[in-house]
There are 2 protein chains.
Amino acid sequence: MRFFIFYLSFFFLNFKILLSGDLPGWLERVRIFWQEKSKLIIEEYQEFLSIPNVATDEENIGRNARWLVRAFDKREVETRLLHIAGAPPAVYGEIKGSEAKLTLAFYAHYDGQPVDVAQWASDPWKPILFDKPRELGGQPLRIDQYDYSLYPEARLYARSASDDKAPIMAMLAALDALKASGIKPAVNLKFLFEGEEEMGSPHLPSLIKANQDLLKADLWILCDGPVHQSRRPIVYFGARGIVGLEITVYGPIRPLHSGHYGHWAPNPAALLANLLASLRDPDGNILIEGFYRDVRPLTGEEKRIIAEAPAIDEDLKKELKIAWSEGFGSIYEKIMLPALNIRGLSSGQVGQAAQNAIPTKAQASLDFRLVPDQRPERVKALVEAHLKKLGFHLVYAEPDEATRLKFPRIIRLEWEEGYPPARLPLNDPLAKAMIITLEKVVGDKLIILPLVGGSIPLYLFSEILHTPALILPIVNHDNNQHGPNENLRLKNLWDGLEIFACLFSQFNDSAVKKRSQ
Amino acid sequence: MRFFIFYLSFFFLNFKILLSGDLPGWLERVRIFWQEKSKLIIEEYQEFLSIPNVATDEENIGRNARWLVRAFDKREVETRLLHIAGAPPAVYGEIKGSEAKLTLAFYAHYDGQPVDVAQWASDPWKPILFDKPRELGGQPLRIDQYDYSLYPEARLYARSASDDKAPIMAMLAALDALKASGIKPAVNLKFLFEGEEEMGSPHLPSLIKANQDLLKADLWILCDGPVHQSRRPIVYFGARGIVGLEITVYGPIRPLHSGHYGHWAPNPAALLANLLASLRDPDGNILIEGFYRDVRPLTGEEKRIIAEAPAIDEDLKKELKIAWSEGFGSIYEKIMLPALNIRGLSSGQVGQAAQNAIPTKAQASLDFRLVPDQRPERVKALVEAHLKKLGFHLVYAEPDEATRLKFPRIIRLEWEEGYPPARLPLNDPLAKAMIITLEKVVGDKLIILPLVGGSIPLYLFSEILHTPALILPIVNHDNNQHGPNENLRLKNLWDGLEIFACLFSQFNDSAVKKRSQ
């Protein structure tokens, strides 16, 4: 309900600006453009969404990349494909601003999550427009309803309609709107559209390393993920890092009758439970010695913007059917801290399949979310020191017989490589200039948070390219991202279009100088 | 190796007795009988083993019961089927000893575990004899090798060859041996052969309650399970009880992105790990308040016989590839205590399937092994009090939305009914008389233990029939019981035959009187 009120206020605010004639000239022209061309924009987007885009589908991924090259060509964006062996091509584009010294660079990805077609209400690669969400009784928009701008709550259903083709389409349409309005970009623009993000971007580090000169910019803006649940726009100054860990604790070599051997033969599930309890308490406090040592404290300014973000905890609890949250603090405060999530447990059998046996092994799957200035390699060392202190002998492969007979408590560790977090200071001059620019189109509705809870490899830009980087999402949060019936709320596309038009045309060399004084 | 030496000494001991002519007359006649008739005995047994005997296979289970009725008829045992609605018939048999006042009663079961035929080296219901175990290079015994008594290490492969048709066949052959030797039973004998033990004997309590007069006896002898790993004969004076418990801890109603919600939304796997760690430590000490309060201490005599049992811990550790056992004490000492086994854990996913999500629930499956004087209902109360003290709200079905929104920590408990342990005092006069009688055939090799680690509903006899009850196994421990390629070592059948012949003919009214003075 609260979200709905937020939405309404934001919705009417925009209309009020439009109706009151208070709009700056450039925005008025951009808005008239998309209101007049909404059908054409959606038709072009539907064409893009019709190309299946699972990263492993080599042929179709190539079709997506070539579609993007053609889309850039049409808009006179200098473009090329960046190739890395074993990876889908990345699409690069560039526009030189006249005499501009600053370069803004934008990242998005054109691949999407695999689909389980049976779970979808319609073909994931046959985009279809509904006047409102299906679950709220939405009906298909009729062909003769050519002015889609009149249906801000309409939903476009297709894989990647939100994640992450939406920002790409919004950028392309923003370029059209500016061109039609006779407005030239005020800075140099670069675009990098990746094709394997949903596989974890395994080749992105080497792609960036191999193209450092090409990808040189003053500020990288990563366009992925949804806006705030209140539908207000949001900018994240950083993202948590991540490292995953698979743990296996070993018991007897074969399942043993729990009556004949129970409490004599070691129970690996009991060992695992005790181990996990030693890592974190039920309130989520991580008990690993030194784990919080590298956590960089929040500045007063960071604390202030967190406190200003709209409270969502109570609504979330109702939605998720939980009566509590772990420990103390709001969800925003929690996300500023590292996390240890148990994503899975497995040992023996439960329920109807349970047998009166001591299992041979017990497994847990963990993911650690890291905040500045934690590093995956440092976290690995702390965890391993903790396990050794508990008396575990660490192995990195299935233990052999000699190992089993020598060491009482054996644990196998399978670490994911992981990557570090990144967080830009709030007073970074480029970031500040970008915020000021953004406010020209979103007013005082912008929410700023120091970190997004999820992990995004922002560090590639800050550590390899030594460039400040931010996250700017545009799509709706209720978009069924990754799941069946993914959709985009059209209003988010139009808002995104205006946001990109604003950044492309209003961000300029002097904006930065002015703010850094 | 140690077991092998034990076996050899026992094997030669028997032969020495035979060759030296030291045998009592009754035993000499019984032994000559089975040595001469070994082929006929095995052929009759093969016929019995050829009838499939899974409890749910109504038709074949009936064939087994009728085969037993005919086998009793042939031996002039008064017999009848005991029917309970929904259960396979139990086969009852009775022989009145001339003027005997005492009654010995024997329990065994004729049903067997379900089979996975693909896992078997030969058809589980086409019994086949090998000269030694298949895994030691055994070869099928040739038809012309008609004197099976010359192959004590031969193995008979078939479902239930050991578990639990072997004691039944040994009893039938013992009756034959006594009859052929002109020896009459010295006491009244009763037999109860059940047909659904491998399903957990769900109807045995009501069957016993409905037939209390018929099943009246002075001592019940339960013939199930294997002899000691050293191949020495064993008698258990009791069995542990059992109660199983399925636990489900609840988290958010849908899986949540661990980055966006981790350490804010409660993680049910972390709650479960902490809960389990609070129930028992890695050394197997149960931390539930009052859990050990009802444990009846062992007497000095019980401690003495445990200390006398052959040490097997080091051999077992090598076999099971473990470098330690939980806490302190030998496996025999451990089995005298209650146990809390974690038989399964499940939450989210592990390994390749792991996702960066907070699971919606976490499950554990537990079994408690109880020792005298613990009771399932009392253990349930202690566990529930412990969980409440941890702050859990207990439910017994899937929690509804209102419950989820009201209580922070919700746990669902699914208790199995369970049953109590039973342990006969070592100085029980009937039991003492039986041991003395047994020693006439097994000499000083008998191992006595106060409890078997597994759970057997001995309490039905001690609590419903108010009759002392013991467990007397006869089959080899390396018999692949419950698994594929179940087998019986022939020597165990002959030993069993002599043991039953001894109990049937040598146990008498005066034996008890003499010992109870």
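Helices (H or I, at least four residues) and strands (E, at least two) are DSSP runs here, numbered from the N terminus. By that count, chain A holds 16 helices and 20 strands. Its radius of gyration is 25 Å, close to the 24 Å that the globule rule gives for 517 residues, so chain A is as compact as a globular protein of that length. For that comparison, the radius is taken over C-alpha atoms, and the rule is 2.2 Å times the number of residues to the power 0.38.

Please keep in mind that this is a predicted model: local features need pLDDT of at least 70, side-chain atom pairs count only at pLDDT 80 or more, and totals for chains, interfaces and linings use all residues. Residues are numbered from 1 along each chain as its sequence is written, while chains are lettered from A and ligands numbered from 1 in the order in which they are written.

**Chain A as a whole**

- Chain A is divided into domain 1 (2-237 + 424-516) and domain 2 (241-295 + 337-415), with bounds that come from an automatic or database domain assignment.
- The centres of these two domains of chain A, taken over C-alpha atoms, are 41 Å apart.
- Along the principal axes, the C-alpha atoms of chain A fill a box of roughly 80 × 55 × 45 Å.
- Of the 517 residues in chain A, 50% count as buried; a residue is buried if 20 or more other C-beta atoms lie within 10 Å of its own, exposed if 12 or fewer, and partly exposed in between, with C-beta atoms placed from the backbone.
- Take the contacts in chain A between residues at least 6 apart in sequence: 78% of them join residues at least 24 apart. Two residues are in contact if their C-beta atoms, placed from the backbone, lie within 7 Å.

**Where chain A meets chain B**

- On each side 69 residues take part: 69 of chain A are in contact with 69 of chain B.
- Strand β11 (residues 339-348) of chain A gives the most to the chain A side, with 9 residues.
- That side of chain A has 31 nonpolar, 24 polar and 14 charged residues. Here Ala, Val, Leu, Ile, Met, Phe, Trp, Tyr, Cys and Pro count as nonpolar, Asp, Glu, Lys and Arg as charged, and the others, Gly among them, as polar.
- β11(A) runs antiparallel to strand β11 (residues 339-348) of chain B, and 5 bridges join the two; strands pair if DSSP finds at least two bridges between them.
- Within this pairing, Ser347(A) has Leu345(B) as its bridge partner.

**Two helices of chain B**

- Helix α7 (residues 268-279) of chain B has 12 residues and reaches 16 Å from its first C-alpha to its last, close to the 16 Å expected at 1.5 Å a residue. The expected span is 1.5 Å times one less than the number of residues.
- Since 11 of its 12 residues are buried, α7(B) is largely enclosed by the rest of the structure.
- Those buried residues of α7(B) pack against α7 (268-279) and β11 of chain A, together with β9 (238-250), β11 and β13 (361-370) of chain B. Among them are Leu271(B), Asn274(B) and Leu279(B).
- Helix α4 (residues 165-180) of chain B has 16 residues that should span 22 Å at 1.5 Å a residue, and its end C-alpha atoms are 23 Å apart, which agrees.
- With 14 of its 16 residues buried, α4(B) is also largely enclosed by the rest of the structure.
- Just after α4(B) comes Gly182(B), which takes a positive phi of about 70°.

**Loop residues to look at**

- Ile51(A) lies in the loop between α2 (25-49) and α3 (58-74) of chain A, and it counts as buried, with 20 C-beta neighbours inside 10 Å.
- Beyond its neighbours within four places in sequence, Ile51(A) is in contact with Asn60(A), Arg63(A), Asn64(A) and Trp67(A).
- Ser160(A) sits in the loop between β5 and α4 of chain A; its phi is near 75°, a positive value in a residue other than glycine, and Ser160(A) is buried, with 29 other C-beta atoms within 10 Å.
- Asp164(A) is found in the loop between β5 (155-157) and α4 (165-180) of chain A, and a cis peptide bond with omega of about 20° joins Asp163(A) to Asp164(A).
- Another cis peptide bond, with omega of about 5°, joins Pro372(A) and Asp373(A).
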